[in-house]
Amino acid sequence: MVELVARTPCEGLLPYEAGEAELSEIIPKRITSLAPFEDSTLLKPLKTALGVELPAPGQSVKAKDGRIVWTGQNQFFVLDAEVPALDAAVTDQSDAWAMVALGGAAAIDVMARICPLDCAHMTASQVARSLIGHMPAIIIRTKTGFEIMVFRAFAKTLVNEVSHVMDAVAARGALST
Amino acid sequence: MRLTCPICGDRDRREFYYLGAADYLDRPVEGEAEATHRYLHLRDNPAGVTRDLWQHEAGCAAWLVVERNVTTHEILQVSLAKDEIRDAR
């Protein structure tokens, strides 16, 4: 019997540090995509199980054992928490995404170089779908920095591009001191 | 160029994908050859206000109807395509 070894999307690539920015991998217990039907009363079991309503566009909310993140028009990701049986389009995407945390004092400068969005104006728990380089990404603002999700197949590109920018920001910082 | 997505707000051009004239929303009745021909091939090409379909591809994925002036590059209105269809019905 072949023994398969599970690897996380960024295994062997992270953590990475440069100057005042740090990049590390986040491994959610599970990622469940949720696309509700029009009748919002169908979502009652979700509210009962997780204790919160679905967040507004561009927002995420803390829920019991996890959180719910808005990820697009009529689409949400439930991170960590288990989704109860529900009348909605629900798919398990746990293995489909690479998720990283970008932190440190220079995190905003790094984002300014690699994302067309003005991330400095985001507030904690706000979410945006935008680009990291040329990759479509989910960007979540946290108290200490950003969480970035891209398709798992882009994990290496994500780490490569962000770490390259981190180096550049660190080099620029060293020049100006 | 920037577009204001009704869901996400003010965003950069590179997050969007352009499809073509908003005429694509008015699908003709099946079997009407003349209407189908018009739907597929005949377009006005005004030097002025156009209505086009765009998708917020790298954002919320919503299809948008963008009304803009191609001579002044002014963006006049951005609305969700699903609302436009609903209003037309």
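Let's start with Ile139 of chain A, which stands opposite Ile148(A) in strand E11(A). Strands E10 (residues 135–141) and E11 (residues 145–151) of chain A pair in the antiparallel sense over four bridges; pairing here needs at least two bridges found by DSSP. Helices (H or I, at least four residues) and strands (E, at least two) are DSSP runs, numbered from the N terminus.

A quick word on the source: this is a predicted model, where local features need pLDDT of at least 70 and side-chain atom pairs count only at pLDDT 80 or more. Residues are numbered from 1 along each chain as its sequence is written.

Six strands of chain A form an open, antiparallel sheet, in the order E1-E2-E8-E11-E10-E9. E1 and E9 (127–132) of chain A stand at the edges with a single partner strand each, so one side of each has no neighbour in the sheet.

What lies across E1, E2, E8, E9, E10 and E11 of chain A? That's helix H3(A), running at about 20° to E1(A). The angle is taken between N-to-C directions, on a scale from 0 to 180 degrees, with axes fitted to C-alpha atoms, for helices over the stretch in contact; contact means heavy atoms within 4.5 Å.

Finally, the two faces of H3(A). Its buried residues (under 20% relative accessible area, 1.4 Å probe, protein chains only) include Leu158(A), Val162(A) and Met166(A). The face turned away carries exposed residues (over 50%), among them Lys156(A), His164(A) and Arg172(A).

Key: Chains are lettered from A and ligands numbered from 1 in the order in which they are written. Side-chain values use heavy atoms; hydrogens and water are left out.
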